[in-house]
Amino acid sequence: MPPGPDLTDGPANTERPVATARLPLRRRLLPVVALLLVAPWAAECSWGGFAIDDFLPVLIFLGPMYGGAALLVRETARHLGAGWPTIVLLAAAFGVLQAGLVDQSLFNPAYLDDTQYADTRAAAEATLVPGLEFSLRQAFDYVGNHIVLTICAPIVLIESFLRADRRLRPWLGRPGLVVIGVIYLLGSLLIFSDSSGRKDFLASPLQLSFATVLVLALVATALLPRWRRPRPRRVRRVPHPLWVGLLVVLVRFGTDVTPGWAGVAIALALATAVGALIAHWSSHDGWGQRHVLVAGTAGLLSAAAFAYLVPPYSPASPAAALAGDVAVTVITVALVGGAWWRLRRASLSVRVGAS
């Protein structure tokens, strides 16, 4: 979705823009800190991957890597004046970078053997790519979850809490970007060197080269000038935001209908179709920030709903596991519900002011 004019639900044209540089430091850094915390939680905890007593260690040890990546993706797109196509492509590049070069889970067939997901290995090996020896099913899941949970959902949430005049603006200048870049590199190096991160596995030169070329290709595509060109918006109605969210949830369930190569083909076809449909709707003038919020967080909501049915990576007591699942529900509802309320309140204030 190209930035163009602000057509979100916030008070875009009725309030005087506030220069970000003049805001107090606390207000300027608040969304940065929020994204640093929400990204690792959404990536690893929101779907039930950890019991409640592991939430804090996840934020401490994985926050620099996941949160740093989300900030770098968001700030790169906003500094370029680009929209969601750039964010999604950069998120995909991060997913390949993370799974292919940092923890190398994409190429390590034994990566989950020491967890409660060891029984998924046989299903993953049913879709091995000859020569490169990685599971296309796992690649879809790993990279797809990084796109949806690690990058897009946290960015949508934090931006939706902001005023419309700050939503699409960069939060950091060059010094801030350098600091975040260093934090991200150090966090990634920690995972790469830690025995529980890369698990003492090293992919082959061919596999590493493949992942590197794919990352560079995705980044180059994300930086194409076409994503920064404003396009005229069509005067057409779009579905209610909740219908958009329902579609995303149904497609998410549809990607798991069958195993093997047929399942991968169905998953790729469904993801491509819903992505094209959302891109089509976003070109209409009825598309607003509430649509963006629901489309971006529907995957997070479905992951949180099914957290009760999946085990954490490591065995935990039933009480700790249940407490973690309940906490996931409360946090997810608070974040998504709070963002929706914030946008609805802003929309109502615009209507009152206009009348």
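Biologist: Let's start with M65: buried or exposed?
Modeller: M65 is buried, at a relative accessible area of 1%. Here buried means under 20% relative accessible area, exposed means over 50%, and partly exposed is in between, with a 1.4 Å probe and protein chains only. Keep in mind that this is a predicted model, where local features need pLDDT of at least 70, side-chain atom pairs count only at pLDDT 80 or more, and totals for chains, interfaces and linings use all residues. Residues are numbered from 1 along each chain as its sequence is written, and side-chain values use heavy atoms, with hydrogens and water left out.

Biologist: Where does M65 sit?
Modeller: M65 is in helix α2, residues 55–80. Helices (H or I, at least four residues) and strands (E, at least two) are DSSP runs, numbered from the N terminus.

Biologist: And which residues is M65 in contact with, leaving aside its neighbours within four places in sequence?
Modeller: Q98, V102, Y184, G187, S188 and I191 are in contact with M65 once those neighbours are set aside. Contact means heavy atoms within 4.5 Å.

Biologist: What separates the C-alpha atoms of M65 and A139?
Modeller: 19 Å, with the two residues 74 apart along the chain.

Biologist: Switching topic, how many salt bridges are there?
Modeller: The count is 10 salt bridges, taking a side-chain nitrogen of Lys or Arg within 4 Å of a carboxyl oxygen of Asp or Glu.

Biologist: Which residue does R78 form a salt bridge with?
Modeller: E159, and their closest N and O atoms are 3.0 Å apart. R78 lies in helix α2 and E159 in helix α5 (residues 136–161), so the pair ties together parts 81 residues apart in sequence.

Biologist: Are those two buried or exposed?
Modeller: R78 is buried, and E159 is too.

Biologist: OK, what about R121, which residue is its salt-bridge partner?
Modeller: R121 forms a salt bridge with E125, at 3.1 Å between the closest N and O atoms. They are 4 residues apart in helix α4 (residues 121–125), so about one helical turn separates R121 from E125. R121 counts as partly exposed at 30% relative accessibility, and E125 counts as partly exposed at 38%.

Biologist: And D256, which side chain does it meet in a salt bridge?
Modeller: That of R252, at 2.8 Å from N to O. D256 is partly exposed, with a relative accessible area of 44%, and R252 is partly exposed at 35%.

Biologist: Which residues do salt bridges with shared partners join into one network?
Modeller: R74, E75, R78 and E159 are joined that way.
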